[in-house]
Amino acid sequence: MRLHPALSGIAPRPAWLPIGLGSLLRLVQIWMPVLGIHSWRQADTAAMARHFSQAGTPIWLPQIDWSGASAGFVESEFPIYPFLVSRLYTLMGLQEWLGRGLSVLCSGLTIWLVMRLGRRWFSPEAGWWAGLAFAIAPLGVYFGRAFQAEALLLLCAAGALESLSLWREQRLPWALALSWLCFTTAGLIKVIPLLWLGLPLLMVQLSTNPQNHATPWQTLLSRLMRLLRHPGFWFYISTSLGAIAGWYWHAHQLGQASGLSFGFWGSGADRSSLSLLLDLNGWINLLLRIGLRLLALVGVPFLLLGLRASWRSGGGQIAISGLLGVLLCTIATMRSSTIHEYYQLPLLLFSSPLIGLGWQTWKEHRPRWQRRLLLSLALVVSLTVLSLDYWAVEHRQRQAWMPLALTIRRDLPIDARIVSVTSTDPTLLNLARRQGWLISSKQLTPERIQRWKKAGASHLAGSFVWDKTYRPMPEQRQRILREMVDSSPGAWVDPRSQTYLIPIDELHPQG
């Protein structure tokens, strides 16, 4: 068992440094509108927050923008994050940086909890370096200030692990209640934490002292059998699963009534398949993404060192069970995991303490210049990835879409319904703060235009050069769109951003 720094003669490191550095990185471009990587997901979250605030609807009636002529009630995960943002809107007005600010706050608290977990599982020094690894991870930085619930999800997961550990050590009733609340909230925000969080929580409950030697598997199995006979365990599990199932049942009913859903149930979800699991390129791309965007390259060897050093410790069992849980979730959701980067975010909760341990093990007999060089390299890699892959994309998309969005806000009534020619991407609708329809440019037909007119659509909006906010428009479709604009006397065109707004009554679509 390692001694606390105060007892070992080692000066304690300030906790504010990883938290401050991580928060500072996450505050970069906090004022940006909802644009950039995965803006379609953020746009839906921002739309829910806006509707909660403006319509005064309760938390159990989330609304989105791509609703056509309907109110837009949608089948979704539990919208606790957009609802909290809407309360901030009520106090300070509709300013989207408030949503990003809530994510930064959640992420800063998670850094603190990761430091506590690293200290609890391994040592105070490993915990401090774990916080620093979490603070500068490129994916952690980006989604730690994104307008979506991932930052709150990680906070709930870390809170569940820490509070259950407190319950195991000190038998504090409030710690057990907090663990239940955090675990249940995580499952309400997304279903998959039931596996990647449930497995390490089980290991926490089965372990005694994480800094001691790993508990033999025979002993773990014996403890599991005793736990399964304990009524408190089943009360914890059943009430949590009951709350989660209750919400998703209600959400399904909402989707059945409105016809609007994020499509996370049923055969249409297509989460994984045998062909995807056997696709070597998919796994290679996933590993490259994790190595560069999650671990900033420098973290990879220290993760391996941490795995080696922790293999026979109780804390290592907990952290490795978390990594295994994420792997199982990846297998179950392979298609989503390869498309959506934020599916890899939970790895940070378990890889960061292991990286901290690996760094502590490596640096003991290394000269100071080597340590400084690697730390500087990690920060340079992180800033380079963030600058090129994330922050620069937000700048480019802001120039491409905000002139059109601001024109719609200024010139069209607040209740105007528009047709956004951005395929399945709702980013423009959210930027314009309007509801309406989503359509691909190749689906523009006279019949559809007539239906939109009858349903109350007022304008057609989109870009000549972008089919979605992130996918270029084919040249043939550009030509057809320009011909439609040329035939409309009341059309608005921004020559710099190459976007357009056409009164739908003047449309003469070309086949």
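The structure is a predicted model, in which local features need pLDDT of at least 70 and side-chain atom pairs count only at pLDDT 80 or more, while totals for chains, interfaces and linings use all residues. Residues are numbered from 1 along each chain as its sequence is written, and side-chain values use heavy atoms, with hydrogens and water left out.

View 1. The structure holds five cavities of 30 Å³ or more, a cavity being a set of points on a 1 Å grid over the protein atoms alone where a 1.4 Å probe fits but cannot get out, and lining residues having an atom within 4 Å of a point. A volume is the space filled by probe spheres set on the points, which are joined across faces, edges and corners. Of the 19 residues that line the largest cavity, Ala133, Ile136, Gly299, Ile355 and Ala378 are the closest to its centre. At least two lining residues come from each of helix 6 (124-136), helix 16 (299-310), helix 19 (347-363) and helix 20 (368-411), where helices are DSSP runs (H or I, at least four residues) numbered from the N terminus. Helix 19 gives the largest share, five residues. The lining divides into 16 nonpolar, three polar and no charged residues, with Ala, Val, Leu, Ile, Met, Phe, Trp, Tyr, Cys and Pro counted as nonpolar, Asp, Glu, Lys and Arg as charged, and the others, Gly among them, as polar.

**View 2. The second largest pocket.** This pocket holds about 720 Å³ of space, a pocket being an open set of points with protein on both sides within 12 Å along at least five of seven lines. Of its 26 lining residues, the closest to the centre are Gln205, Leu227, Phe233, Tyr236 and Ile237. By class, the lining has 18 nonpolar, four polar and four charged residues.

**View 3. The aromatic pair of Tyr81 and Phe147.** Among the 16 aromatic pairs of the structure, defined by ring centres within 6.5 Å, with planes over 60 degrees apart counted as edge-to-face, Tyr81 and Phe147 form an edge-to-face pair at 6.0 Å centre to centre, with 85 degrees between the planes. Tyr81 lies in helix 4 (residues 80-92) and Phe147 in the loop between helix 7 (138-143) and helix 8 (150-170), so the pair ties together parts that are 66 residues apart in sequence. Tyr81 is buried, at 1% relative accessible area, and Phe147 is buried at 0%, buried meaning under 20% with a 1.4 Å probe and protein chains only.

**View 4. Arginines over aromatic rings.** The charged end of Arg13 sits over the ring of Trp128, 5.3 Å from its centre, a placement that requires CZ of Arg within 6 Å of the ring centre and within 35 degrees of the ring normal. Arg482 lies over the face of Phe464, at 4.2 Å from the ring centre.

**View 5. Val104 in helix 5.** Val104, in helix 5 (residues 97-121), counts as buried at 7% relative accessibility. Leaving out residues up to four places away in sequence, Val104 touches Ser23, Arg26, Leu27, Ile30, Gly144 and Arg145, contact meaning heavy atoms within 4.5 Å.

Technical notes
Phe/Tyr/Trp six-rings, centres within 6.5 Å; stacked < 30°, edge-to-face > 60°. Buried < 20%, exposed > 50% of the residue type's maximum accessible area, 1.4 Å probe, protein only.
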